[in-house]
Amino acid sequence: MRYGKRSAFDGLRSFVRYSNLRLILLCILASAFGCILVYSWSYGVGQGFGGVSIQIIASILGFLIALFISRVDYENICALWPLWTGFSLLLVLLTYTPLGLNAAGTDDTAWLAIGPITFQPSELLKISFIISMSMHLVKVQEHIREFKTVLLLGMHGAFHIFLVFLQGDDGTALVFIAIFLSMMLVSGVNLLYFIIGFAGVFSAIPILWTFFMSDDKKARFLCILPGYIDRFLETEGWQQFEALKSIGSGQLTGVGYLEGHNPDLFARNNDLIFIVAAEEFGFIGGMLLFVLIALLVYELYRSARMAQDALGSYLCIGMMALIGFQSLINLGMNLRVLPVIGITLPFFSDGGSSVLTLYLGIGLALSVSFSERTRRRNGLSRM
């Protein structure tokens, strides 16, 4: 019995000493704040605790899974990349069958259902893509500046991006692009390829705008421009206009918790969850949300810098890009500096599958930190 107590104590001490406690604390704070905001929305639409219960369960379960993953060597997890990639791709491909669903209020066939529970397979695909892309980059590291290598890496990224884009989920496709470019940028790829790529994209914008964008998507871009505000105020621009009114009503300290409700504003629990924070907790609440996200992004960047091998660094950069760019797009949409494209705010928006898969990636980042600290303790280093 004494030995058992000592082993448990040693295990707890090892966990506290070698885990990335800053990242763990930031995730707890972000999830707790997110649940508070989702409950406010749920209360306002008459659902009470029932509307936030899945969010709480997913956050707790996801956090526990992340802690478990943190104690598993990330190299062993990544070695099984064909399994993770195959499984997530299978789920995404199922959305192209009659099993695919449209979430209420969207035109994206990007969901599957298990009984009463719906989930979005592309959320899991983000994590498997970070793993497979990290393994690919490590494998070709010595030839990273060769054209053939860059071409194959580009095909790797393009396959995932277009698979999601064909679902109609433009927002998630943009996140995949951000993850891909961020990981490529830190890998040592010649900047000339980025310049050529961006030049090609910008030159293609007039063609995409003229022949491939629907009128409603064009309106989403136009309605954020000063000269077009009045034209789209009652149509595509109405949601963002109402969102800004709600943000402004919060002023410095907010209108009060559970008091800021606009039941006509769609996706207040998802894409527009920032509105709840800014309206009910004011500028202070909005800035707190900003700071939490910024600190999460910085801690993942720091983990990438501290990683003792390229694989660990790529995993952390991928998660940093996922959280950072997805947050940037979501907040820009809330503040009407970017068009509405339907994308959630990591940790804060309502969505069980999103929270669970996000914590899978956090678990990988925690594994990188834990392995780095234990190896440093043992005087080991991996090149």
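Confidence comes first, since this is a predicted model: the protein's mean pLDDT is 87, and 91% of its residues reach 70 or more. Among its elements, helix α6 (residues 121-139) has the highest mean pLDDT, 96, while helix α1 (residues 2-18) has the lowest, 59. Where pLDDT is low, the predicted coordinates should not be read in detail.

Now for the cysteines. Search the whole structure and you'll find zero disulfides.

Take F147 and Y193, whose ring centres are 6.4 Å apart; the pair counts as tilted because the planes meet at 35°, between the 30 and 60 degree cut-offs. This pair links distant parts of the chain, with F147 in helix α7 (residues 147-165) and Y193 in helix α9 (residues 191-212), 46 residues apart. F147 is exposed at 56% relative accessible area, whereas Y193 is partly exposed at 25%.

Then look at F347 and Y359. Their ring centres lie 5.5 Å apart with the planes at 80°, so this pair is edge-to-face. Here F347 comes from the loop between α13 (310-334) and α14 (352-377), and Y359 from helix α14, twelve residues apart. F347 is buried, with a relative accessible area of 3%, and Y359 is buried too, at 1%. Finally, F33, Y257, F281 and F348 form one aromatic cluster.

Methods: Residues are numbered from 1 along each chain as its sequence is written. This is a predicted model: local features need pLDDT of at least 70, side-chain atom pairs count only at pLDDT 80 or more; totals for chains, interfaces and linings use all residues. Side-chain values use heavy atoms; hydrogens and water are left out. A disulfide is a pair of cysteine sulfur atoms within 2.5 Å. pLDDT is the predictor's confidence in each residue, from 0 to 100. Helices (H or I, at least four residues) and strands (E, at least two) are DSSP runs, numbered from the N terminus. Rings of Phe, Tyr and Trp (its six-membered ring) pair if their centres lie within 6.5 Å; planes under 30 degrees apart count as stacked, over 60 as edge-to-face and the rest as tilted. Buried means under 20% relative accessible area, exposed over 50%, partly exposed in between (1.4 Å probe, protein chains only).
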